[in-house]
Every structure is written in structure tokens, then in C-alpha cells.
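Please look through the structure shown here.

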Amino acid sequence: MDDFTKGGDQLQEALRHLRRLNWIFGAKGPVLYGVKRLWNRSGRPDRLTILDVGSGSGDINRHLLKWADKQGVKIRIILADVTEEARAEADQLFRNDSRVIFIKQDLFNLEAGQADIVTASQFVHHFPSELLPSIVEKMLLVSRFGVVLNDIHRHCIPWVAVWIATRFLSRNIYIRHDGPLSVAKGFRSADFRHLAKSVNGLSLTYSWRPLFRYSVIVPKQ
């Protein structure tokens, strides 16, 4: 989904189909895992602002809303993406929840300290590896408590699983092309160790989560 030239109905359909794949492959887990740990580390505040970068329709955040309700946390979620198709899908998905807003904004134009926690789900693998340190530094600048990255473990098993699932569930060109490609562009633990060494003073932890995903937690120092 790096190429938005087709856009329109094809891209909007892809965002709807992606929600189904996120559910099948447990995409909510790593984000919730990381947010809960940063929330605990920050003293369990009763108010929390989450900014989801490259959010798409933002469907993963529905699980953060449910978690906040259970904890009694007054949560505000900002979805940030660069396409009108993402805005349309997000507006439809969260039309009855005023806690969620959408901004059409690029990561590097976001303001410092704009949110408590900045999350990115299946977003950073779209960029060349040499840009990853600057992306994480910018996300830290935007956050007050820290950053949570949710991304894919690069491995043959999830590649095959995603290839089969995308062929079975969708005829959309974005989904069939980008699903397996996202796994091929995913990460291994060595990539996160290298990231930690690439940014001075960067402290991060990463955990392998179910269904071949990583949750990377980068607390604000």
C-alpha cells in the first residue's frame, strides 16, 4: 500500500479486507501488550492519549477502547494517515465514538508532545531499514510516555499463511500483493538490536507475540 496512485474504491476496499486479516492474525495483541506496559510504567494515569501513525481505518484501536473502559481510563485516540480513503473508513468505523478522531497528516509533520503514547501497526516495515532510526526518533518526539511498534516477524510460515489467506479472502490487488510482501519486509530480533545501537540513548524492549508478530516498546527517557 505504498503506492496510492490507484486509490479510490480499490484502496478503500483493501482497508476493509485488511480489518478481516488483522482479526484472523491477531494484530491487536502486540499493540495492547505494549500500551499496557507503558501505561503501567507511567503510573497508570486515568487519562491517556494514543496517536496511531499510519492508522488506515484504525480498527486495531477498538480493542484499546474496550481495555480503557475496563480500566476506567478516559482515552482519546488520534488516527493519523495520509489518504482520504483511510479517513472515510475511519469515519465509518468510529462514527458513534467521539473518543476517536482522524487527522490527515504525515508522521514528520506531527507536533512534539502531541500524544502520551504513539503507536504504529504494520507501518514501519514500509520504509527502508536505514530510515527506521529517524522514524522512531520522530515518534518519540511526538510522544510523552513512549512508542509501541507492532510489526511482523519475517519468516516463511507467516508468509505462506498470509499468501493463502489473501487468495482465499480477497481479490483486491492491494491485499493480494501487499499481504505477502509485508511479511517479506518484516523484522527479526537482530533488526531491533541494531535499531537500539543506532540511536544514542535509545532504550527498547521487544517481545515475540502470538501469530508471528513483535511488540516493540520504546519508553521516553
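This is a predicted model: local features need pLDDT of at least 70, side-chain atom pairs count only at pLDDT 80 or more; totals for chains, interfaces and linings use all residues.

Residues are numbered from 1 along each chain as its sequence is written, and side-chain values use heavy atoms, with hydrogens and water left out.

Consider helix α3, residues 61-71; helices (H or I, at least four residues) and strands (E, at least two) are DSSP runs, numbered from the N terminus. Asn61, Leu64, Leu65, Trp67 and Ala68 of α3 are buried, where buried means under 20% relative accessible area, exposed over 50% and partly exposed in between (1.4 Å probe, protein chains only). These residues lie on the same side of α3 because they cover an arc of only 165° around the axis, the arc being that of the directions from the helix axis to the C-beta atoms. Lys66 and Lys70, on the other side of α3, are exposed. The buried residues of α3 pack against α2 (28-41), β1 (47-53), β2 (74-81) and β3 (100-104), contact meaning heavy atoms within 4.5 Å.

Aromatic rings come next. The whole structure contains seven aromatic pairs; rings of Phe, Tyr and Trp (its six-membered ring) pair if their centres lie within 6.5 Å, and planes under 30 degrees apart count as stacked, over 60 as edge-to-face and the rest as tilted. One of them joins Phe123 and Phe127 edge-to-face, at 5.1 Å centre to centre with 70° between the planes. Phe123 is buried, at 14% relative accessible area, whereas Phe127 is partly exposed, at 29%.

Eight salt bridges are found in the structure, each a side-chain nitrogen of Lys or Arg within 4 Å of a carboxyl oxygen of Asp or Glu. Among them, Glu84 pairs with Lys104, with the closest N and O atoms 3.3 Å apart. This pair links distant parts of the chain, since Glu84 lies in helix α4 (residues 84-93) and Lys104 in strand β3, 20 residues apart. Another salt bridge joins Asp191 and Arg154, with the closest N and O atoms 3.4 Å apart. Asp191 is in helix α8 (residues 189-198) and Arg154 in the loop between β5 (143-152) and α6, so the pair ties together parts that are 37 residues apart in sequence.

Finally, Trp163 belongs to helix α6 (residues 156-169) and is partly exposed, at 37% relative accessibility.
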